[in-house]
Amino acid sequence: MTDPVGKIPSELDQLPDRDTEETAEWAASLDAVTKAAGPHRAAYLMRRTLQHAEGAGLALPKLLETDYVNTIPTSAEPSVTETGGDEEMERRITAWNRWNAAAMVTRGSKYGVGGHIATFASAAWLYETGFNHFFKGKESPDAPGSGDQLYIQGHASPGIYARAFLDGRLNEAHLDNFRQESGGNGLPSYPHPRRLPWLWEFPTVSMGLGPLSAIYQARFNRYLTNRAIKDVSASHVWAFLGDGEMDEPESTAALALAAREGLDNLTFVINCNLQRLDGPVRANFKIVQELEAQFRGAGWNVVKSLWGNAWDELFALDTTGALVRRLREVPDAQVQTYQTRDAAYIRQDFFGKEPALVEMAKLLSDDKILECFHLSRGGHEPRKVYAAYKAALEFKGAPTVILAQTVKGFTLGEGFASKNANHQMKKLSTDEFKNMRDLLGLPISDAQFTDGQVPYGHPGADSPEVRYLQERRAALGGPAPARRVHPLAPLPAPAEKAFTAFDKGSGAQSMATTMAFVRLVKDLIRDKETGRRWVPIVPDEARTFGMESLFPSLGIYSPKGQTYEPVDRDQLMYYKEAKNGQILNEGITEAGSMADFIAASTAYSTHGEAMIPFYIFYSMFGWQRTADQMWQLGDQLGRGFLVGATAGRTTLTGEGLQHADGHSPVIAATNPAALTYDPAFAYEVAAIVKEGLRRMYGEAAEGEDQDVFYYLTVYNEPMPQPAKPAGIDEGIVKGLYRFNTAESAGLDLPANSSRIQLLSSGTAIHWALEAQKLLAAEWGVAADVWSATSWTELRRDALEADAALLRGEERVPYVREALAGAEGPVLAVSDYMRQVPDQIAQWVEQDWSSLGADGFGLSDTRDAARRHFGVDAQSIVVAALAQLARRGEVQASAVKEARERYGL
Ligand SMILES: Cc1ncc(C[n+]2csc(CCOP(=O)(O)OP(=O)(O)O)c2C)c(N)n1
Ligand SMILES: [Mg+2]
């Protein structure tokens, strides 16, 4: 910022200047240098002085930006002997990978299945250097069973498959089935553990979720270590990201957290090819500089690797600073254009702007200019990449981001490289392949192109290339990426006592189901065998859910422990933070909490340690806000409990529109890995959690998918909790059981009274039970009340029955079986939109009708809200009478009479 007239107030003015004369002298000498040697020299001296000051321990605020040059000068790079690698060998391996990645997409284009070529082409060295020198495998002696965690850019997947082809894990048939999975032998388009569980660990292609997850994975690694579950301090988290991807809000949401917690076990590698899907990432601006400032501001260590070695000669000539200045000013899209233009254009447009640059250009041959502007990039030179990775691992106290400049579509020829449309280009022509072969020096003959089809290339299982890469991987602890698939020993079931605590009911007292859940897990966390595996996650809402009593007993995780005296230290339930704290209280970030949950819920595979996370949140801010992460969780095969508390549309007094959740079960129903339950009573909560623990962590039953997670909606309205009827556990788990009949409820009924079945879930069962009494006492109607613990599971079971029918098998859906013989019509009600119960309508043989809280919602008292939505007891009575009247089972006049009596 310039302030020529000195009007902008400075914080320095608040401090006494102890020696104004000295201050003036310093200013004068700066002015003198500027005048004598020019502004470049003056700025250089200032930067050097600042650097010196930092080295001398002067606590100066950091500069946010450096010049548009490499952070690590060529002279400081490790030598080939230091890297211990064979660069020529690695170049050949990279060439095969480039070829096969392009070939598999091109061959697949015959079927129109798509794929991406340009992304990996720009990133090839970023991966290859990591695979040969850095990424630890699962059998690494330093990080046994864990290795490093690799978040791979989704659109680079062909390159990863190509390398797995070279190392022998995939064959040609696999590559030919890229994106064609239905035959059972295919490769998913993007990193997808559910589809290819032995290879992929982390699904990344929904942009922004990878970087966010990587940060919380690194943090969760620290948590596991600090809690003495497993020492994973040698595991390093690497996240490969696109420069375009950094625009997603999630990409940068947790940068400050990563720096604050000193996550030096984390490295971001951002492939700065300056392009995204449509064109330039920052056209008129400079993405690298913007990212540098953002990351430095957040407290990260930044390593820029922008230019290749060819540029060293140019920088050596830059005595006036004109080159560096020009590089800082020239917009990204212009740099992209240089990548495609001839030397004359570059001489004129880039060098022509300043006499000093014109002079410099005279010393450069056309070939040199083209080499620099077309090819020479930091991200395309293995030694530079190596130097950056090494610097990242050596940096202590903060995470590192590597900003590696590359050319999108590198080595693919003029038709591809730096073209705006290259992200979408799905094939190379035969001629383009032949050019690429010549450029990369691959031994592929023209004769191998049969039927106009590009061949795959492999140097042979016993070739020096394959032996080299296998030896490198063996030294680093086995293949990568690789996911651990071996099932762990089942966790022992916790003592029964925690679950049976609710069987007797709450008597005269009332208890909300949120409280029941919290009480239950409190008990389970005390379990000797499995208690320490629970990971309670809450985004600044523990008090809302009555969880503050867990603070002192479990502690809130902080890598710093507690460096201050908490204001409430003298109280029983004080705010206790601890280095080995068990609770993850993330502050107000549902996205961060979900990223925590994903890391914890997949620790069974990532680290071979089964953890039991439960993430409890304001239900309105769960699925609606972070459903994409729930999808990511399902893709990543996560296991655990999501708990939507303060659920329902009418249970929060006065909170209204933004808080009252009328639809989370609708969204949850769309996620095939989510088992959604809307328990009505405390004992149901216990039965569902017990079953969840068995299913996800216990002995797997034949054909059962253990890679699921549970979503429970719990309420904050205290209600009397009934005793548990006998023999209903199966019904609770399957989604429906009869809670009582009019007779078993002890209601007086006339002989031959007509009958209705009230199906309800969650808090709505209380209004159904009230309606049951009114129907008997005031209208002589018998109502049986059912608890529908999971509309979604009922539907899924029915869908399976339908599918079985197509296979020629007879199967009756559970919902139909459960309701068989139940007399009269069915009226369903929940505290959500009607879509929720309507999920099962088509499989119910009885007359179907439903009530629900549709629309936007509003603020009012619970009673008024229920009346407004038509889900209170009286509304249920009127709806029941109307349904019976339609069938001629009660007088039509009863409906009007009831409406008037209840003031509806
Ligand atoms: C959330 C999300 N939005 C949009 C996309 C579609 N998409 C896939 S790749 C891409 C461009 C990627 O650009 P960049 O991150 O710079 O990666 P590059 O291929 O250039 O390395 C887009 C928009 C996506 N995958 N995820
Ligand atoms: Mg890009």
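Reader: What makes residues of domain 2 and domain 3 count as being in contact, and how many are there on each side?

Author: Two residues are in contact if their C-beta atoms, placed from the backbone, lie within 7 Å. By that criterion 31 residues of domain 2 are in contact with 33 residues of domain 3. Helix α27 (664-669), strand β13 (674-677) and helix α28 (682-697) each supply at least two residues of the side of domain 2 that touches domain 3. That side divides into 15 nonpolar, 10 polar and 6 charged residues; here Ala, Val, Leu, Ile, Met, Phe, Trp, Tyr, Cys and Pro count as nonpolar, Asp, Glu, Lys and Arg as charged, and the others, Gly among them, as polar. The model is a predicted one, in which local features need pLDDT of at least 70 and side-chain atom pairs count only at pLDDT 80 or more, while totals for chains, interfaces and linings use all residues. Residues are numbered from 1 along each chain as its sequence is written, and chains are lettered from A and ligands numbered from 1 in the order in which they are written.

Reader: Why is Tyr737 called partly exposed?

Author: A residue is buried if 20 or more other C-beta atoms lie within 10 Å of its own, exposed if 12 or fewer, and partly exposed in between, with C-beta atoms placed from the backbone. Tyr737 has 19 other C-beta atoms within 10 Å and is therefore partly exposed. Tyr737 lies in strand β16 (residues 737-740); such strands (E, at least two residues), like the helices (H or I, at least four), are DSSP runs numbered from the N terminus. Leaving aside neighbours within four places in sequence, Tyr737 is in contact with Ile728, Gly731, Ile732, Trp786 and Ser787.

Reader: What makes β19 a strand with both faces covered?

Author: In a regular strand the side chains alternate between the two faces of the sheet. In β19 (residues 826-829), Val826 and Ala828 lie on one side and Leu827 and Val829 on the other, and all are buried.

Reader: How do you know that β17 and β20 each pair with β19?

Author: Two strands pair if DSSP finds at least two bridges between them. Strand β17 (residues 755-760) is joined to β19 by 4 bridges, in parallel, and Leu759 stands opposite Ala828 in β19. Strand β20 (residues 848-851) is likewise joined to β19 by 4 bridges, in parallel, with Val829 opposite Leu851.

Reader: Why are β1 and β4 called edge strands?

Author: They belong to an open sheet of 5 strands in the order β1-β2-β3-β5-β4, with parallel pairing. Both β1 (149-151) and β4 (301-305) pair on one side only. For β4, the partner is β5 (residues 400-405), and 5 bridges join the two in parallel. Asn301 stands opposite Thr400, and the bridge partner of Val303 is Ile402.

Reader: What makes β4 mostly covered?

Author: 5 of its 5 residues are buried. Asn301, Val303 and Ser305 point one way from β4, and Val302 and Lys304 the other way.

Reader: How do you know in which direction helix α18 runs relative to β4?

Author: Axes are lines fitted to C-alpha atoms, for helices over the stretch in contact, and angles run from 0 to 180 degrees between N-to-C directions. Helix α18 (residues 382-394) lies across β3, β4 and β5 and runs at about 175 degrees to β4. Helix α5 (residues 118-133) lies across β2 (237-242), β3 (266-272) and β5, at about 155 degrees to β3.

Reader: What makes a residue part of the shell around ligand 1?

Author: A residue is near a molecule if its C-beta atom, placed from the backbone, lies within 6 Å of it. The shell of ligand 1 has 19 residues, the closest being Thr119, Gly242, Gly244, Glu245 and Arg276. By class, 4 are nonpolar, 11 polar and 4 charged.
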